[in-house]
Amino acid sequence: MANHLDPIGGWRPRSLLGGLSAITRARLLELGGLRQIAAGETIIMEGATESRDVFVLLQGTAKITSGTDSGGTVLLSIRADGDVVGELAALDGNPRLARVTTIRPCVARRIGQREFLDFLSAHPDASLAVNRIVSAKLRGATWHRVESANPAPIRVARVLMLLAHEHGEPSAEGIVIRPLTQPDIADLVSAKERTVQKALATLQRDGAIVQGYRKIIIRDREALCSAAEISEIPPEYGIG
């Protein structure tokens, strides 16, 4: 496995660091300060205005959540190695749209707003990469609303395909997605947890997945695609 602390190491192609040239990536990783962040720490508060710093994740996993009008919390997405969080507030100067909390211990570079914007001005390829990420988030949010019309079992299968595509770890058992719980999936597909439990049980019975503690293993991709009624993740999900 590539050393993700090495600026010329391997990064997921759809992440910010994976979308930069080696030279631009190395310069970005010189900015700000390096932070070791414990699991469960909130690094960005929804609605905050006092700081518009950007975090570039080098190792670990974080979840993006938002409060609802009813007082609940909705999981919007998961971010991992190579991803950037907090860039929207840095770009437009508005309050934070969501809360970012680490799921696993993380290593990140914390970069001040002015330093980040100056870097983008000096590196057009980085600016383009950030624009692609923002565009992908918008397309993903739009597609999420469209997906809400599909039955919950299809939505569950599709979100597992997406998570495997974005964050899956190849292993002898299959593609491992973690850390992931049933409430997380319920939030991602906007369904009740009991409904998700039934959908996952069906997928496991059909041999598509195996459930473990805070993880799901994709054992049979063809069976998962059949349940999702698609063969590939479409670009509308925000991965293109």
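**Exercise 1. A surface patch**

Start at Leu-91, which sits in helix H2 (residues 87–92), and work out how exposed Leu-91 is and which nonpolar patch contains it.

*Solution.* A word on the ground rules: this is a predicted model, in which local features need pLDDT of at least 70 and side-chain atom pairs count only at pLDDT 80 or more, while totals for chains, interfaces and linings use all residues. Residues are numbered from 1 along each chain as its sequence is written, and side-chain values use heavy atoms, with hydrogens and water left out.

Step 1: Helices (H or I, at least four residues) and strands (E, at least two) are DSSP runs numbered from the N terminus, and H2 is the helix that holds Leu-91.

Step 2: Leu-91 is partly exposed because its relative accessibility is 36%; buried means under 20% relative accessible area, exposed means over 50%, and partly exposed lies in between (1.4 Å probe, protein chains only).

Step 3: Together with Leu-88 and Leu-97, Leu-91 makes a nonpolar surface patch of about 260 Å² accessible area. Patch members have over 30% relative accessible area and no salt bridge; like charges are joined within 9 Å and nonpolar side chains (Val, Leu, Ile, Met, Phe, Trp, Tyr) within 5 Å. The areas come from the Shrake-Rupley method with a 1.4 Å probe, and for residues only the protein chains shown count as cover.

**Exercise 2. The second largest pocket**

Describe the volume and the lining of the second largest pocket.

*Solution.* Step 1: The volume is about 500 Å³, taken as the space filled by probe spheres set on grid points that are joined across faces, edges and corners. On a 1 Å grid over the protein atoms alone, a pocket is an open set of points with protein on both sides within 12 Å along at least five of seven lines, whereas a cavity is a set where a 1.4 Å probe fits but cannot get out; lining residues have an atom within 4 Å of a point.

Step 2: The lining of this pocket has 23 residues, and those nearest its centre are Arg-12, Asp-81, His-167, Gly-168 and Glu-169.

Step 3: Helix H5 (152–167) and strand E9 (169–170) are the elements that give two or more residues to this lining. H5 makes the largest contribution, with 4 residues.

Step 4: By type, the lining splits into 9 nonpolar, 7 polar and 7 charged residues, where Ala, Val, Leu, Ile, Met, Phe, Trp, Tyr, Cys and Pro count as nonpolar, Asp, Glu, Lys and Arg as charged, and the others, Gly among them, as polar.

**Exercise 3. Salt bridges**

How many salt bridges does the structure hold, and which partner does Arg-12 have?

*Solution.* Step 1: The total is 9, a salt bridge being a side-chain nitrogen of Lys or Arg within 4 Å of a carboxyl oxygen of Asp or Glu.

Step 2: Arg-12 pairs with Asp-83, their closest N and O atoms lying 2.6 Å apart. This pair links distant parts of the chain, 71 residues apart: Arg-12 is in the segment before helix H1 (22–28), and Asp-83 in the loop between strands E5 (73–79) and E6 (84–85). Both Arg-12 and Asp-83 are buried.

Step 3: Arg-110 and Asp-53 form another of these bridges, at 2.7 Å from N to O. Here 57 residues separate the partners, with Arg-110 in strand E8 (residues 106–111) and Asp-53 in the loop between strands E2 (42–44) and E3 (54–59). Arg-110 is partly exposed because its relative accessibility is 31%, while Asp-53, at 18%, is buried.

Step 4: Return to Glu-169 of the pocket lining: its side chain meets that of Arg-104 at 3.4 Å, N to O. Glu-169 lies in strand E9 and Arg-104 in the loop between strand E7 (99–102) and E8, 65 residues apart. Glu-169 has a relative accessible area of 26% and is partly exposed. Arg-104 is also partly exposed, at 26%. Shared partners join Arg-104, Glu-169 and Arg-178 into one network of salt bridges.

**Exercise 4. Positive phi**

Where do Ser-190 and Glu-229 sit, and what are the phi values of Ser-190 and Glu-229?

*Solution.* Step 1: Most residues other than glycine have a negative phi.

Step 2: Ser-190, not a glycine, has a positive phi of about 55 degrees, and its place is the loop between helix H6 (182–189) and helix H7 (193–205).

Step 3: Glu-229, not a glycine either, has a positive phi of about 60 degrees. Glu-229 belongs to the segment after helix H8 (221–228) and is exposed, with a relative accessible area of 57%.
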